[in-house]
Amino acid sequence: NVYVVHLSLETYVNLYVRVMKVADAVERETQLRAMNEVLRFLVTPDDCYHSFIENYFEEETLDRPKCDKYCSACNGDVSHMTGRFSMKSLMSMMSTTIFTDGKQPHYKAFVKALKANKEEIFHHKDVPKVLMGPLHALVLQMLAKGIIGLSTSDKSKVGTDKFNDKDVIVTLPNSVDGDGFAMPTFFMQSSWKGMTTIENNN
């Protein structure tokens, strides 16, 4: 049997909006953590899908063997989600164009900016032509890695039914480096580990 999971950026944002409408702050945070845990598992897996699921749901803690070739994590298909892209070009674009002067763009504006500069981001053989699936997958991987995050432009709507996708913006989370200094996560090369990065797009 073959099981296929279909995931899109719009699906993730819709789930985010639904969670952000939850009135109870503790429950809201719990659901956000669970949602992002599933996202990381799907788009940036560290291990075999099969063994991860078995270890997660089994009551006894056993070292389940990898399937080796029967899931996208083991056979390498997960690496084709985005195609090859230049981390340096993307980092430069984010710091000098998209997030300048403290800007926090709407999530659709963020995707539009990446699409407008896709030739500079992706390897010339992997530039999305008509279907933008690889670009959306890249955004999902960045969300899963904590390189970017989602927030809202109107905090007063959080926990109410007034919250909608028009309120969703993209932010740059901070992480602490090896020396104990906080900096935007996207500046830390370790944050991009496991993604199909290349030195240049030629």
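Colleague: Which side chain of opposite charge is nearest to aspartate 177, and how far away is it?

Modeller: Lysine 193, 17 Å away. A salt bridge needs a side-chain nitrogen of Lys or Arg within 4 Å of a carboxyl oxygen of Asp or Glu. Lys and Arg count as positive, Asp and Glu as negative; His and the chain ends are not counted.

This is a predicted model: local features need pLDDT of at least 70, side-chain atom pairs 80 or more, while totals for chains, interfaces and linings use all residues. Numbering runs from 1 along each chain, and side-chain values use heavy atoms, without hydrogens or water.

Colleague: What does aspartate 177 touch?

Modeller: Contact means heavy atoms within 4.5 Å. Not counting residues up to four places away in sequence, aspartate 177 touches Met183 and Met188. A polar atom of its side chain also lies 2.8 Å from the backbone nitrogen of phenylalanine 181.

Colleague: How is a pair of aromatic rings described?

Modeller: By the distance of the centres and the angle of the planes. Rings of Phe, Tyr and Trp (its six-membered ring) pair if their centres lie within 6.5 Å; planes under 30 degrees apart are stacked, over 60 edge-to-face, the rest tilted. The count here is eight aromatic pairs. Phenylalanine 41 and tyrosine 49 have ring centres 5.0 Å apart and planes at 65 degrees, so they are edge-to-face. Phenylalanine 41 is buried at 17%, tyrosine 49 at 14%.

Terms used:
Buried means under 20% relative accessible area, exposed over 50%, partly exposed in between (1.4 Å probe, protein chains only). A polar contact is a pair of N or O atoms within 3.5 Å; within protein, one must be able to donate a hydrogen and the other to accept it, and residues adjacent in sequence count only if both atoms are side-chain atoms.
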